[in-house]
Amino acid sequence: MSDEELAKDLGPLAALTIGVGTMIGAGIFVLPGAAVERAGPLAAVAFVLGGAIALLTALSASELGTAMPKSGGAYYYVNHALGPLFGSVAGWSNWMGLAFASAFYMTGFGQYVVLFLPVPDLTVGGVTLAATKLVALAGAALFVFVNYVGAKETGRLQNVIVVTLVGILAAFTAVGALNADLATLRPIVPPDRGFAPLLPVTGLVFVSYLGFVQITSVAEEIKDPGRNLPRAVIGSVLIVTTIYALVLVTVLAAVDNSLVAGNDTAVVDVARALAGPLGAAALLFGGLLATASSANASILASSRINFAMGRDRIVSAELNEIHPRFGTPYRSIGVTGAFILLFVLVADVETLATAGSVLHLLIYGLLNVALIVMREADPEDYRPDYRVPLYPLVPALGAVVSFALIAFIEPFVVLLSLAFVAFAGLWYLGYARGKADKQGVLGHYILHRSEEMPRSAVSVATSVQPDGGTYRVMVPLANPAHETDLITLASAIAKHRGGTVVAINVVQVPDQTPLEAAREQGDLDDAHAILAAARDDAETFGVSVETHAVLSHRSFEEVFDAARTYGADLTVMGWGPDSHGAPGRAEGAVDEFAHSLPCDFLVLKDRGLDPSRILVPTAGGPDSDLSAAIAATLRAEYGSEVTLLHVTDHETDGEEFLRSWAEAHDLGDARLVVESGDVEAAIERHAAAASLLVIGATERGLLSRLVRGTLVLDVVEDVDCSVLLAETARERTLRERLFG
């Protein structure tokens with residue numbers, strides 16, 4: 001991914017709209033009937049209590065959002081702070097929670113549609129499918145398809161939806177207030193049940209407060225995020241809680257509770273009683289708009305969670321493959337859509353709502369724990385612009401009440417949700433642990449203070465650490481003429497290591513053109529063509545392959561960011577006349593000062609890839625170690641003849657060195673050649689009989705290379721065979737960078 005700056009064009013009102021728009025939805029249009037049936041007027045208190053619990057997490061999310069403005073929201077914070085085991089739990093919970101919520105919204109949509117359309121029940125094979133379910137399934141399929149092909153709401157349309165819904169609810173509240181009789185609210189606590197229903201009903205309606213964390217995903221685009229992001233996140237929860245409380249109090253004070261209790265479309269019937277057919281039509285329209293918009297937003301959000309999980313290797317990155325025509329993560333959307341349709345089919349509206357609530361309460365509890373970990377570990381890169389007040393009381397209370405509320409929800413739903421959590425843990429241990437390579441701040445903190453920590457904590461932290469992941473070989477492709485040779489080389493290495501080939505094409509965009517505009521309007525046919533060819537070539541080796549077209553304002557420099565983004569262990573790239581900025585090395589001159597290589601690099605001067613006769617010059621050192629490893633890999637895959645060359649003024653010592661070096665690098669049966677004299681001349685002489693020269697990058701520093709050139713550059717230009725330059729990723733001091 002590129003690291004271009006995003007324009008700070010979201011003001012505080014626009015950011016606030018994102019949060020309000022994701023929460024003003026199906027909850028207030030669908031759940032009042034069920035809530036009042038269980039708790040009577042106490043249902044209004046349940047909505048306020050749900051908002052208060054959400055507010056505690058909103059405070060923590062605000063701090064984490066200003067410190068780590070990353071896509072993935074709550075999942076990213078949990079994965080980064082607590083590690084990939086908890087990241088798997090948070091990611092799967094978020095994914096399934098959004099699927100349950102979408103199914104809940106669509107079921108509510110079906111309830112509203114059948115109010116004005118005479119949809120008949122459908123009987124198939126003796127099984128009757130209610131009209132509400134039928135409409136919900138059709139609506140879910142429609143919105144999954146809309147997301148699949150890439151149609152989307154614009155920001156302006158979302159603002160219109162939010163303003164319309166708030167306007168409808170405000171007018172409804174005003175009319176209800178004129179007809180209110182506070183006596184109908186008494187007793188607010190049901191005499192036969194007391195406060196017992198309060199927490200179970202709070203768990204039921206908590207699904208109404210999902211979405212405020214989404215504001216943190218656009219933190220980089222908010223003007224003055226240190227001030228405006230917390231205002232938007234916290235303000236959206238306060239505004240929505242107030243609206244919900246006013247609407248429910250008005251409903252209960254304006255009509256007899258019997259009209260509301262157990263009524264799936266209670267607000268429509270109340271509006272009809274207060275304002276006639278016009279009022280009913282307005283609330284019916286609001287219900288349809290709210291349920292449809294909420295479902296669409298949840299499906300869209302789920303694809304972002306999948307992307308973040310794929311990026312961290314919690315799930316297969318192939319799930320995030322982009323459709324060549326529509327530009328959408330179609331596999332991810334398709335799988336999510338299948339879950340939504342299944343949940344709509346098998347569960348009732350209350351089960352869907354409470355399942356969505358349980359899974360998100362779990363995530364919000366972990367998010368508060370993540371904040372505590374970040375504060376206590378205090379890593380160098382954690383510098384939030386906003387800090388939670390009354391720390392650690394607020395996040396600790398947020399975690400406790402989020403987890404505690406789960407205990408008051410229907411046992412069946414809790415067990416169902418815990419089954420998803422258990423699956424997520426087993427998924428990490430059985431699949432993701434062998435692929436993920438990102439260690440959480442908590443694990444790093446414990447393992448680096450192992451002598452101070454309880455032995456049990458160190459043991460657990462060690463046992464769940466990621467294994468480092470499948471070996472990944474990235475291939476930046478630009479010239480179709482060299483695509484086959486580069487992919488062949490990368491595939492041979494990946495196959496030998498049981499790894500994956502990651503082919504990328506960097507599409508350079510002029511600085512004047514925003515990347516999003518280039519993605520929507522640019523012609524990416526060439527990129528897709530070279531990546532399609534790379535996929536076909538790699539698959540002939542039987543290796544896994546990913547392809548990515550990367551839009552960037554930079555070209556060569558973007559390779560380094562892509563290697564980090566896609567978790568490359570090795571990058572195999574072509575050698576062009578001006579590819580590397582500084583002669584004879586993989587990195588450019590500026591990168592020489594600022595960075596270390598993100599992974600090992602192989603740079604191929606391609607004169608036709610033929611690994612049958614390989615020459616490896618060596619004088620020891622890490623780059624020669626990589627050269628030997630590549631030669632051993634190619635020998636195993638192609639049966640190559642390998643010659644090792646060592647040039648020294650002390651031939652006797654040189655023979656002993658080369659023999660032991662060959663044995664140590666699994667090349668004991670290679671042909672060994674020891675010579676004295678000029679190194680460059682010896683390499684050129686033996687390269688005349690070789691088909692491939694594999695040589696380590698020079699150890700000479702930047703200043704000396706700029707003044708005197710480098711042996712590697714001279715050899716690359718003077719020999720006739722293909723040359724493979726090998727350079728390992730390692731930390732080097734500034735002195736080493738300058739002087740070697």
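Helices here are DSSP runs of H or I with at least four residues, numbered from the N terminus. With that in hand, welcome to a few close-ups of this predicted model.

View 1. Helix α6 covers residues 84-116, and L115 lies in it. Together with F116 and L117, L115 makes a nonpolar surface patch of about 270 Å². L115 has a relative accessible area of 41%, so it counts as partly exposed.

**View 2. Strand β6 and its two parallel neighbours.** Strand β6 takes in residues 570-574, and because four of these five are buried, the strand is largely enclosed by the rest of the structure. Strand β3 (residues 472-476) runs parallel to β6 and is joined to it by two bridges. Strand β7 (residues 600-605) also pairs with β6 in the parallel sense, over five bridges.

View 3. The whole structure holds 18 aromatic pairs. One of them joins F104 and Y105 in a tilted arrangement, with 5.5 Å between centres and 50 degrees between planes. Both F104 and Y105 are buried. Elsewhere to explore is a single aromatic cluster formed by W92, W95, F100, F339, F343, F420, F423, W427 and Y431.

**View 4. Two arginines over tyrosine rings.** R375 lies over the face of Y391, 4.4 Å from the ring centre. In the other example, R497 places its charged end over the ring of Y471, at 4.3 Å from the centre.

Technical notes: Residues numbered from 1 in each chain as written. Predicted model: local features only at pLDDT ≥ 70, side-chain atom pairs only at ≥ 80, totals over all residues. Heavy atoms only, no water. Patch = residues over 30% accessible without salt bridge, like charges linked within 9 Å, V, L, I, M, F, W, Y side chains within 5 Å. Areas by Shrake-Rupley, 256 points an atom, 1.4 Å probe, with all protein chains shown as cover. Salt bridge = Lys/Arg side-chain N within 4 Å of Asp/Glu carboxyl O. Buried < 20%, exposed > 50% of the residue type's maximum accessible area, 1.4 Å probe, protein only. Pairing = 2+ DSSP bridges. Phe/Tyr/Trp six-rings, centres within 6.5 Å; stacked < 30°, edge-to-face > 60°. Lys NZ or Arg CZ within 6 Å of the ring centre and 35° of its normal.
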